[in-house]
Amino acid sequence: MRLPTFENTALARRGFLKNLLAIPAALMLAHTSVPALADEVNSTGLAVTDDTVKVGILHSVTGTMAISETGSVQAEKLAIEQINAMGGVLGRKIEYIQEDGASDWPTFAEKSKKLLVQDKVAAVFGCWTSASRKAALPVFEQYNGMLYYPTFYEGLEQSPNVIYTGQEATQQILEGLDWAAREKGAKKFYLLGSDYIWPRTSNKIARKHIENVLGSKVVGEEYYPLGHTQFNSVINKIKLKKPDVVFISVVGGSNVAFYKQLKAAGIDMGKEKPLFLTISVTEDEILGIGGENIEGIYASMKYFQSLPNENNQAFVKAFKERWGDDIVIGDVTQAAYLGPWLWKAAVEKAGSFDIDKVREASPGIELTTAPEGYVRVHKNHHLWSKTRIGLAEPDGQYKVVYESDELIEPDPFPEGYQ
Amino acid sequence: MFAEYSASELTSIFAMQGFAGLILFSVFVLMALGLAIIFGQMGVINMAHGEFMILGAYVTYIISNLFADYLPSIYGSYFFLAMIVAFFVTAALGAFVEWAMIRHLYHRPLDTLLATWGLSLILQQLYRTVFGAREVGVTLPDWLMGSYPVTDMVEVPVNGLFVMGLTIVITVGVALMMQKSRLGKQTRAVVQNRPMAAAVGINTEKVDRMTFALGCGIAGIAGSAFTMIGSTGPTSGQLYIVDTFLVVVFGGASSLLGTVASAFTISQAQSTMEFFLSGSMAKVLTLLFVVGILMLRPQGLFTLKVRH
Amino acid sequence: MNKFADFIARNQYSHMIILAVLLLVILPLSMDIFRLNLVGKYLTYAFVALGLVLCWGYGGILSLGQGVFFGLGGYCMAMFLKLEASSPENTAIQSTPGIPDFMDWNQLTELPWFWEPFHSFGFTLFAVIAVPAVFAFIIAVAMFKRRVGGVYFAIITQAVAAILTILIIGQQGYTGGVNGITDLRTLHGWDIRTDEAKYILYYINALLLFLALFVAAFVIKSKLGRLLVAMRESEERVRFSGYDVSGFKIFIFCLAAAISAVGGAMFTLQVGFMSPTFVGIVPSIEMVIFCALGGRLSILGAVYGTLLVNWAKTSFSESFPELWLFAMGALFIGVVMAFPNGLAGVYQRYIEPLLLKMSKKDDSPSAPTPAAKDASSDKADTSEETLTSEERKHA
Amino acid sequence: MLESTKSIPAKDFVLSVEGLTVSFDGFKAVNDLSLYVEEQEIRVIIGPNGAGKTTVLDLICGRTKATEGSIKFKGKELTKLNEHQIVHAGVGRKFQNPSIYEDLTVFENLELSFPRGRNVWGALFFRRDKEVVDKVKEIADMIFLGDKLDTSADLLSHGQKQWLEIGMLLIQDPELLMLDEPVAGMSVSERKQTADLLHRITKDRSVLVIEHDMQFVADIADRVTVLHQGKVLSEGSMDRVQSDPKVVEVYLGH
């Protein structure tokens with residue numbers, strides 16, 4: 001299962017979470033390489049001193065999106081703290097500047113600009129919705145910043161200034177649909193989503209795949225405004241159309257309403273008639289929905305908190321120690337956690353914080369210690385990753401029932417799906 | 001449009017859609033009733049109405065947790081206690097808000113709108129600080145889950161029935177209260193002629209406070225009921241505010257009957273359109289329909305013609 | 001009597017000059033381009049606040065959907081810029097080159113008809129004003145001819161904002177959806193993202209704002225302005241003096257919409273994108289508070305109010321993001337309850353008398369008492385009395 | 001200054017109200033009422049409370065819409081017009097409670113009533129020229145407020161406010177002036193001044209007055225109409241009306 005490594009990423013490979021006691025060694029290792037580079041490293045025009053390097057964290061901590069983005073902030077802070085505990089990056093401690101995007105897209109643009117122009121941060125970990133990324137993207141391109149974007153998203157984008165640590169749509173969707181067709185014999189699909197770009201693009205890809213590749217049928221496609229809370233009508237339609245699979249990309253508070261109403265309408269999701277397959281409900285959302293209301297649905301994502309590998313067990317333990325026992329970790333939270341580590345690896349490979357050098361160094365960077373297992377940066381700035389199918393259980397966790405054999409290549413501009 | 005369905009399926013469709021419409025109707029009535037009292041009787045525009053509802057939901061969440069921890073044996077009955085507590089907690093907050101803020105603004109109705117919007121921001125942030133930014137899941141007692149299968153296709157959700165029953169009880173209760181009780185009579189007296197009411201010995205300040213508290217308390221009960229069908233998060237309340245106001249205005253602000261009729265009209269229109277159109281377009285058309293009617297009939301569905 | 005009037009006039013003139021010096025000299029000299037660009041962005045909201053002074057402060061029409069007009073103006077400008085950014089060369093990788101990227105993602109193969117005219121800059125400038133104004137006109141005629149006002153109007157404008165937001169988000173093939181229209185680069189080949197461009201756009205924005213201020217001042221000082229004050233107090237009397245009240249309301253609402261739209265267009269130019277978030281209810285209500293903080297009857301107050309709230313928002317959210325909403329909420333409540341006439345009211349009640357006292361000492365020993373008001377005296381002055389008389393009435 | 005050229009045949013009625021009915025939720029406040037006012041006539045409407053006096057004025061000036069019947073003013077049907085169109089046609093109305101702009105000065109109050117610049121653009125580009133100022137001053141003198149032009153209207157006494165409102169009507173030079181209790185709440189000396197004022201201003205126009213003060217009514221009325229329960233109970237000269245047994249019964253019985 002381990003793929004050959006391209007680069008020498010000794011530190012990364014050490015298994016940073018296995019034993020924090022190993023840190024002194026790492027610290028010394030890091031320090032020895034500093035003096036020779038100091039002048040060069042400090043003269044990139046970024047906020048780098050002999051001891052510190054500044055990065056930005058840009059998520060919504062207020063407004064409607066705070067619900068979703070809180071986990072990402074926690075993950076990024078944890079990763080930074082762990083990196084610092086290991087001696088930092090190129091011997092420099094990471095200092096983060098946190099800004100609030102306030103669930104407002106122009107604010108994301110404004111704050112990105114502030115982080116890049118005024119604070120001169122070496123990297124920004126942030127954004128969550130596509131809209132916030134689209135708003136901030138021109139700023140990153142104009143001022144040549146580096147953004148690590150954690151959310152699974154619709155693709156159709158490939159910026160030299162962004163590393164996409166979540167999955168793009170084809171990675172997340174196709175495997176799930178194939179699995180439903182192969183394992184469950186699904187022939188009729190019903191597509192349901194919130195009304196904005198990610199669900200619409202995802203469903204477009206899903207429809208093409210269902211119709212052209214699987215040779216099956218889409219019996220309904222439906223969108224509701226963001227924040228909609230009444231789903232009885234669509235539930236009736238689902239009952240009537242009797243699809244084999246309902247493929248769901250409803251987001252935010254609508255989720256809670258949808259699953260509660262689904263359950264109340266007498267649909268036992270565990271019976272898999274129809275089977276509910278979501279790409280939008282992570283463990284974070286289940287917290288609000290309530291495990292008993294969503295028990296029996298399937299999710300197609302790259303990460304679940306219950307993944308049994310060692311990396312993940314250490315990660316979950318560290319996360320809970322840092323943020324409390326009650327906390328859950330979803331797909332995006334894990335992807336956000338990768339950001340600082342991928343950046344660290346790239347900086348160390350480049351031997352510099354310089355944005356251009358980091359960018360050049362990024363493709364091929366791999367993390368063998370990622371909680372999701374092994375990831376590698378593709379030259380299109382997305383990650384190679386596996387896709388897994390999880391079955392929701394009453395305790396609010398997913399049980400992994402399937403895992404793709406190979407790493408799936410990211411393909412943000414999928415041929416034949418546009 | 002209907003060709004693809006059999007006759008029995010069509011019957012089922014209409015039965016199910018009718019029921020879905022009734023649930024939506026109940027939701028609208030619950031949302032709007034408190035607001036109709038506050039806005040219709042007092043002329044105060046409470047933009048924090050949604051936040052009062054969410055307070056009721058959070059109270060329900062706390063009580064359900066307390067029951068789970070200390071009284072697991074009678075967990076199933078927590079919901080009734082939760083609704084009662086939700087009513088009193090939100091009513092108490094309402095009374096406080098009336099005392100601290102609203103009573104100074106009675107002669108400036110548009111300003112109550114701004115001040116209560118400020119209040120809603122503060123409450124949202126308060127919820128976020130206390131309960132966290134994430135949504136909380138309120139576990140429903142088992143008896144509220146599930147459904148009664150009527151036929152193969154038609155199933156009646158228990159919590160839908162519960163919400164409808166609750167709506168009827170509260171609506172009838174409020175109507176009786178406004179008609180028969182001392183507070184109701186005093187409220188109507190104050191609405192019709194404040195100086196005269198004061199002159200005959202009604203404590204108008206107290207009546208105002210009680211009315212506002214009552215409206216907020218009903219919002220609290222609504223919030224408690226909504227934990228069954230919706231989400232509970234710091235900003236969940238905002239989702240309801242526009243719809244709620246439209247229901248009240250559409251009904252003709254001063255009439256409870258109007259509110260009920262308006263909730264019925266809007267819910268049926270929306271649920272019918274939702275079935276034939278996509279969800280977003282149904283919503284747009286419903287709103288357009290309401291705005292259009294309001295343009296033709298600004299006073300709303302039910303109003304008394306009054307002499308100048 | 002004339003001396004006093006002169007003083008007021010001179011004084012008011014001087015207020016405008018102080019603002020001009022602040023916006024055109026002090027801020028550009030004391031700030032780096034990043035901060036100045038932020039100020040420029042805030043000033044685009046000031047257009048909306050100014051419109052609200054006219055239609056809410058003077059006309060008594062509270063609209064909770066001014067963001068709709070800001071957004072429409074902004075979208076018109078964004079459509080032009082997006083078309084320019086989507087030249088066939090720039091979009092060669094698309095399946096249909098020459099149309100905006102989001103259309104391509106949504107399988108549109110040709111430009112929708114209503115986008116076509118936005119190839120022309122002249123038409124765009126016209127549309128920036130005309131589209132929102134016509135939209136406002138339709139709403140206003142429907143509502144005001146039927147004498148819908150006050151709370152009802154506020155709620156209906158909210159519903160309109162909700163409708164438009166859902167439509168824009170839902171029709172993403174035509175509008176860019178929730179992401180809005182992003183990645184705007186050039187205006188007739190002129191790169192609007194450079195620092196020089198930002199300076200120039202800042203100045204254009206500031207000058208347009210002054211133009212809008214002059215228009216607003218002209219309207220307020222005209223008989224129409226006095227009629228608006230009169231209408232707010234006794235609409236019936238105005239009607240029985242032979243005026244068609246709805247006509248004036250329609251006019252002032254459309255004017256406010258047009259002014260807001262100019263702000264929206266300048267926003268698009270300075271920030272480089274437009275998104276449906278502005279069309280929604282929350283920003284619309286925030287703009288009302290900018291106006292209320294500045295003083296709902298003061299056109300200059302609208303500018304100061306906007307700058308102040310946004311400055312506070314930016315600095316607060318940089319240091320204590322969680323506290324920001326508490327502060328903002330408290331601001332809403334505080335302004336409404338303690339200073340219903342906002343900063344301008346505070347200025348008039350406490351600072352202006354002080355200034356007058358000082359100037360009396362300086363040059364005019366026989367200045368008349370402030371009570372002897374000239375018929376032509378400034379409206380802001382009378383407005384201060386509005387409130388006191390209102391308060392008296394309800395006391 | 002107040003002379004205007006009116007050329008209506010003498011025998012025509014300026015105002016003819018026929019079969020006028022209005023009902024509020026079934027209650028007929030005015031019921032099949034007919035009323036004719038001649039040119040230059042001063043007509044006073046009296047009647048007990050609730051007789052529908054104010055409603056009649058409301059109907060004529062367009063404030064309330066009639067359920068049935070017609071109101072013709074100089075041959076023009078008023079029931080289909082808006083308030084401002086009725087004003088333009090030449091009907092002025094004074095309300096029971098003084099209805100003036102308290103935020104504005106006396107000068108501004110009168111200026112706003114000056115019949116020019118009545119549409120949006122006219123108001124926007126209205127200039128305060130000599131004609132306006134002269135006219136305002138003339139009216140102000142007539143209503144005893146010549147020295148109070150710059151006073152904010154809310155500082156006036158109750159009687160002065162009544163006069164100001166009358167002045168605001170006069171400046172429009174209406175052909176039919178409707179006054180709802182013009183001397184209510186006035187002191188004795190103010191009443192005298194008002195009666196004097198009314199005598200002067202009613203020379204060139206028809207006037208419809210609602211009044212309770214019988215002395216004042218006898219003083220000014222050409223003819224008197226007595227309303228009762230939305231209907232005309234009696235009509236004629238003051239003497240005739242006063243001796244009508246129906247009227248006596250209604251007043252005493254009330």
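Student: Over residues 241–267 of chain C, how much of the chain is helix, and how far apart are the end C-alpha atoms?

Tutor: Helices are DSSP runs of H or I with at least four residues, strands are runs of E with at least two, and both are numbered from the N terminus. Over residues 241–267 of chain C the chain is 85% helix and 0% strand, with 42 Å between the end C-alpha atoms. This is a predicted model, in which local features need pLDDT of at least 70, side-chain atom pairs count only at pLDDT 80 or more, and totals for chains, interfaces and linings use all residues. Residues are numbered from 1 along each chain as its sequence is written, while chains are lettered from A and ligands numbered from 1 in the order in which they are written.

Student: What does the UniProt annotation say of residues 241–267 of chain C?

Tutor: UniProt positions follow the numbering used here, with shortened feature names, and annotations may be inferred rather than shown by experiment. The unreviewed UniProt entry annotates "transmembrane region" for several spans of chain C, including 151–170 and 241–267. Residues 151–170 of chain C are 100% helix and 0% strand, and their end C-alpha atoms lie 29 Å apart.

Student: Which pair of chains shares the most contacts?

Tutor: Two residues are in contact if their C-beta atoms, placed from the backbone, lie within 7 Å. Of the five pairs of chains in contact, chains A and B share the most contacts, whereas no contact joins chain A and chain D, whose closest C-alpha atoms are 38 Å apart.
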